Every structure is written in structure tokens, then in C-alpha cells.
Amino acid sequence: MKSIRTLALVTGLLALSGVSHPQFSSTWTFVTDYDFRGYSQSGKDPAIQASADYAFGETGLSVGIWPSNVDFGVDVDLETDYYVNYTGKINDTFAITAGATFYTYPSSDDVGDYVEIYAGLNAGNF
């Protein structure tokens with residue numbers, strides 16, 4: 001009886017794995033200076049950055065977190081960004097992208113958190 005339940009569980013999990021292919025990925029980066037839109041975020045010092053991303057299979061939805069050390073000359077030492085992204089195929093040529101990034105500075109009372117929302121239309125390889 002126990003082996004029948006185990007077989008049913010394994011069969012169910014294999015069936016679910018064929019429906020959707022979620023994927024986890026992570027990156028680690030060491031840079032000599034963390035620049036964002038032309039401005040140093042690390043006081044011209046090295047930064048250690050990482051990301052953890054999770055894509056929800058064929059849905060086009062992905063989420064992630066990205067921390068980095070920062071140095072603004074005030075009490076902030078860490079930036080942690082949370083993001084969500086959606087990419088949907090319209091046809092063989094066009095796709096849409098939309099998402100949001102929440103920039104946070106958890107160790108600071110001096111630097112405010114903020115949200116950035118974006119949307120785009122992709123055509124071919126652009």
C-alpha cells in the first residue's frame with residue numbers, strides 16, 4: 001500500500017513538472033564601483049552584489065531580489081531591490097514587458113525607498 005502511494009505521488013509530481021517549468025537562478029558580482037545612471041552608489045569603492053530570481057515557468061512572470069553595498073556618506077550601507085517582471089508574447093514579432101522595482105535602504109532613515117514602474121514593447125530583436 002505504501003509503495004502505491006509513493007508511486008502515485010511521484011507520478012503526480014512528474015505530471016506537474018511537465019505543465020510548468022519554474023526556474024531559479026542567482027548571480028554574484030564583484031565590481032570596482034557601483035554606478036547607477038551615471039552616479040556612483042558606492043562612493044567610488046568596490047561593491048558586492050547578488051541576485052536571486054525565480055521565473056514561474058511559461059507564464060512570463062518572474063520575481064527577484066538584488067542587494068548591494070552602498071555608500072552615500074550617510075547612515076546607509078545596504079540597498080535591497082525587489083522586482084517583478086512580466087513578458088508576454090503578442091505574436092512572432094511583438095512582445096510586451098511590464099514590471100516594477102522597489103528600491104529599499106533598510107538600514108537608513110536618511111535615504112527614502114521608492115518604486116519604479118516600467119512598460120515596453122519589443123519588436124524582433126529590439
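Mentor: The dialogue below goes through strands, aromatic rings, salt bridges and surface.

Mentor: This is a predicted model, in which local features need pLDDT of at least 70 and side-chain atom pairs count only at pLDDT 80 or more, while totals for chains, interfaces and linings use all residues. Residues are numbered from 1 along each chain as its sequence is written, and side-chain values use heavy atoms, with hydrogens and water left out.

Trainee: How many helices and strands are there in the protein chain?

Mentor: Helices (H or I, at least four residues) and strands (E, at least two) are DSSP runs, numbered from the N terminus. Here the protein chain has one helix and eight strands, and its pattern along the sequence is α-β-β-β-β-β-β-β-β.

Trainee: In which order do the strands form the open sheet?

Mentor: Strands of a sheet pair through backbone hydrogen bonds, either parallel or antiparallel. Two strands count as paired if DSSP finds at least two bridges between them. In this model six strands make an open sheet with antiparallel pairing, in the order E1-E4-E5-E6-E7-E8. Strand E1 (23-31) and E8 each have a single partner strand and stand at the edges, so one side of each lacks a neighbour in the sheet. From one strand to the next the twist averages 15°, where axes are lines fitted to C-alpha atoms, for helices over the stretch in contact, and angles run from 0 to 180 degrees between N-to-C directions.

Trainee: What joins strand E6 to strand E7?

Mentor: Ten bridges join E6 (residues 78-89) to E7 (residues 94-104), and the two run antiparallel. E6 and E7 form a hairpin, with four residues between them. Lys 89 has Ala 95 of E7 as its bridge partner. Ala 95 in turn stands opposite Asn 122 in E8. E7 also pairs with E8 (residues 114-123) in the antiparallel sense, over ten bridges; there, Thr 101 has Glu 116 as its bridge partner.

Trainee: Which residues meet in salt bridges, and at what N to O distance?

Mentor: A salt bridge is a side-chain nitrogen of Lys or Arg within 4 Å of a carboxyl oxygen of Asp or Glu. By this rule there are two salt bridges. In one of them, the side chains of Glu 116 and Arg 37 meet at 2.7 Å, N to O. Glu 116 lies in strand E8 and Arg 37 in the loop between strand E2 (35-36) and strand E3 (39-40), so this pair ties together parts that are 79 residues apart in sequence. Asp 92 forms a salt bridge with Lys 89, with the closest N and O atoms 3.3 Å apart.

Trainee: Are Asp 92 and Lys 89 buried or exposed?

Mentor: Buried means under 20% relative accessible area, exposed over 50%, and partly exposed in between (1.4 Å probe, protein chains only). Both Asp 92 and Lys 89 are exposed. Arg 37 is exposed at 59% relative accessibility, whereas Glu 116, at 22%, is partly exposed. Buried residues make up 22% of the 126 residues in the protein chain. Gly 73, in the loop between strand E5 (61-69) and E6, is exposed, with a relative accessible area of 67%.

Trainee: How many aromatic pairs does the structure hold?

Mentor: Rings of Phe, Tyr and Trp (its six-membered ring) pair if their centres lie within 6.5 Å; planes under 30 degrees apart count as stacked, over 60 as edge-to-face and the rest as tilted. The structure holds five aromatic pairs. The ring centres of Tyr 54 and Phe 56 are 4.8 Å apart and the planes are at 80°, so this pair is edge-to-face. Tyr 54 is partly exposed at 31% relative accessibility, as is Phe 56 at 33%. One aromatic cluster consists of Phe 36, Tyr 103 and Tyr 114.

Trainee: Which residues form the nonpolar patch on the surface?

Mentor: Patches are made of residues with over 30% relative accessible area and no salt bridge; like charges are joined within 9 Å, and nonpolar side chains (Val, Leu, Ile, Met, Phe, Trp, Tyr) within 5 Å. Accessible areas come from the Shrake-Rupley method with a 1.4 Å probe, and for residues only the protein chains shown count as cover. The nonpolar patch has about 890 Å² of accessible area together, and its residues are Phe 24, Tyr 54, Phe 56, Leu 61, Val 84, Tyr 86, Ile 90, Phe 94, Ile 96 and Leu 121. E6 and E7 are the elements that give two or more residues to the patch. Phe 24 belongs to strand E1 and is exposed, with a relative accessible area of 56%.
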